[in-house]
Each structure stands twice: as C-alpha cells, then as structure tokens.
Amino acid sequence: MKEEIEKLQRYVDESKSIVFFGGAGVSTESGIPDFRSVDGLYNQQWDWPPEEILSSTFFYTNTKEFYRFYRAKILLQGAKPNAAHLKLAEMEKKGKLKAIITQNIDGLHQAAGSKNVFELHGSTLRNYCTSCHKFFDLEYIINNRDENGIPRCDNCNSIIKPDVVLYEESLKKNIINSSIKALKEADLLIIGGTSLTVYPAAGLVNYFTGEKLVLINKDSTTEDEIATLVIHGKIGEVLSQIQV
Ligand code: NAD
Ligand code: ZN
C-alpha cells in the first residue's frame with residue numbers, strides 16, 4: 001500500500017480544491033455498522049430488510065417497529081469521530097479541502113470540526129414534530145419515548161420524525177446544488193467508504209470533471225475502473241498517513 005499512499009500524498013500536495021465524497025464506511029471505524037459489509041446491517045437478522053424499515057411508508061404505517069430498529073441500529077450513542085473524520089477536518093482547516101459530501105447521518109464530520117458538510121441524507125441530530133414542526137435534538141429522542149418507544153412532541157403529542165431522508169423521499173434541492181457546485185470546482189475528488197449503490201446520491205460523483213479521482217474502500221466498487229488511484233484499505237488507516 002506504501003506506493004498508493006505516496007501517490008495520494010502527492011495528489012493532496014498538488015491540489016487546492018479537494019472534495020471528499022463518503023458513505024457509511026467512513027464511520028465503521030467509529031463502531032457504527034455500514035449496510036453492505038459482511039457484518040453490516042444487511043447481513044443481520046431483522047424481520048424486514050433495512051431498506052423497507054427505513055422507508056417513508058414503513059415510518060408512517062409501522063412507527064413502533066421503525067423506532068425499534070432505529071434505536072437499536074442507527075442511534076448509536078457514544079460514537080466518536082475516527083482518524084478519517086479528523087484528517088478531513090484538518091484538511092479543511094488548512095484550506096485544502098473545500099467540502100465534504102456525505103451519505104452519513106451520524107454528524108461525526110461536524111463532531112470532528114468540519115464546517116462545510118453537505119448531508120445528502122440528513123442527520124439523526126435533527127428531528128421535527130410531524131404536526132407542528134417543533135425541533136428536537138438527539139438527546140430528546142433518546143430520552144423520550146411513549147409505551148411503544150416512539151418519541152412524541154411535548155407541544156402537541158404528535159410523532160417526531162428524524163430529519164433523515166428515508167427511502168421513497170427526495171433529497172433536498174439546495175444540498176444537491178451545493179454538492180454539484182463543489183464537485184464541479186474540485187481539482188481532486190476523494191471517494192471513500194461507500195458502495196456507490198444508493199441513488200441518486202452515488203450519481204453525483206459524475207459531476208466531477210477534474211483529473212484526479214481517488215477511491216478508498218475496503219473492497220472493490222463499480223467505480224474502480226474510472227479512478228486514477230484505487231486504495232483498498234481502511235479509510236481511517238489510509239488518511240491518517242497523509243500529511244497536510
Ligand atoms: P454501504 O454500506 O452501502 O457501503 C459501505 C462501503 O464502505 C462498503 O463498500 C464497505 O466495503 C466500505 N467500508 C466499510 N468500512 C470501511 C472502512 N473502514 N474503510 C474503507 N471502506 C470501508 O454504505 P453507503 O454507500 O454509504 O450507502 C448506505 C446508505 O446507508 C447511505 O445512504 C447512508 O446514509 C446510510 N448509512 C449511514 C450510516 C451512518 O450514518 N454512519 C450507517 C449505515 C448506513
Ligand atoms: Zn408538535
């Protein structure tokens with residue numbers, strides 16, 4: 001891997017406008033399972049497949065079961081930013097990295113100090129009442145549950161919904177537009193820890209027209225052929241070796 005790391009270091013040194021595009025694999029080293037690894041959520045036993053539980057229809061028709069899964073598998077307390085989150089935050093601070101576009105909903109990039117983060121799928125840290133739209137933080141969701149485990153609004157008693165883009169829901173226009181703008185202006189795109197199979201998010205990387213595209217993933221992905229540099233390894237271990 002040494003040669004690949006040296007090449008990545010060269011790319012980072014030469015670039016002025018880096019964009020990072022990431023997914024669940026960025027947070028596995030923080031102890032949050034991804035979806036598609038062998039020990040990911042898709043390979044664990046549950047009564048429904050995760051993409052069904054995490055759909056809008058399921059949320060409104062089977063809210064109890066949604067929250068049972070959500071509390072057990074998505075809301076993992078105590079997760080801390082890992083070496084990947086920290087290095088990316090440092091890159092932004094030094095003016096090298098212009099944006100992080102993430103499919104993750106765990107808020108760990110911001111916890112590491114990153115500012116310009118486009119959360120394509122929203123965040124578990126923000127939650128709204130489905131009736132009066134009052135805002136609730138994560139702590140409220142964790143500490144408040146009715147007899148079915150559902151968090152309810154302290155203003156109108158309606159169900160609270162996480163500000164997370166569920167299956168069947170659309171991505172926010174302004175976040176897509178900001179992501180596209182950052183990708184178009186980037187001279188280096190680093191894609192890491194994503195299977196690039198969740199659309200439309202994965203399709204956004206096609207807006208990058210620069211020359212250097214780096215892919216960091218434990219396994220091969222569909223985009224390995226189009227990358228100028230592919231590093232098969234753990235993203236925290238890889239990025240921690242880069243100097244900025
Ligand atoms: P995915 O589960 O489909 O793919 C994760 C990819 O990361 C896999 O290819 C895996 O091999 C790789 N990977 C795992 N650990 C890695 C590591 N340490 N270093 C390098 N690569 C690693 O995830 P996805 O592509 O992001 O799509 C899944 C969807 O699930 C997304 O929409 C995301 O919102 C959501 N999700 C989010 C979280 C989170 O917020 N942390 C967790 C699970 C799922
Ligand atoms: Zn309310």
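How many aromatic pairs does the structure hold? The structure holds 9 aromatic pairs, a pair being two rings of Phe, Tyr or Trp (its six-membered ring) whose centres lie within 6.5 Å, with planes under 30 degrees apart counted as stacked, over 60 as edge-to-face and the rest as tilted. This is a predicted model, in which local features need pLDDT of at least 70 and side-chain atom pairs count only at pLDDT 80 or more, whereas totals for chains, interfaces and linings use all residues. Residues are numbered from 1 along each chain as its sequence is written, chains are lettered from A and ligands numbered from 1 in the order in which they are written, and side-chain values use heavy atoms, with hydrogens and water left out.

One of these pairs joins phenylalanine 59 to tyrosine 67 in an edge-to-face arrangement, at 6.0 Å centre to centre and 65° between the planes. Phenylalanine 59 is buried (under 20% relative accessible area, against over 50% for exposed and partly exposed in between, with a 1.4 Å probe and protein chains only), its relative accessible area being 0%. Tyrosine 67 likewise has a relative accessible area of 0% and is buried. Tyrosine 67 also pairs edge-to-face with phenylalanine 66, at 5.2 Å centre to centre and 85° between the planes; both of these residues are buried. Phe59, Tyr60, Phe66, Tyr67 and Tyr70 together make up one aromatic cluster.

The account now turns to the ligand. Ligand 1 is surrounded by 28 residues, the closest being Phe35, Arg36, Gln103, Ser195 and Asp219; a residue is counted if one of its heavy atoms lies within 4 Å. Among the polar contacts (pairs of N or O atoms within 3.5 Å), a polar backbone atom of glutamine 103 is 2.3 Å from an oxygen atom of ligand 1. A polar side-chain atom of aspartate 106 lies 2.7 Å from a nitrogen atom of the ligand.

Definitions and conventions:
Polar contact = N/O pair within 3.5 Å; in protein donor to acceptor, adjacent residues only side chain to side chain.
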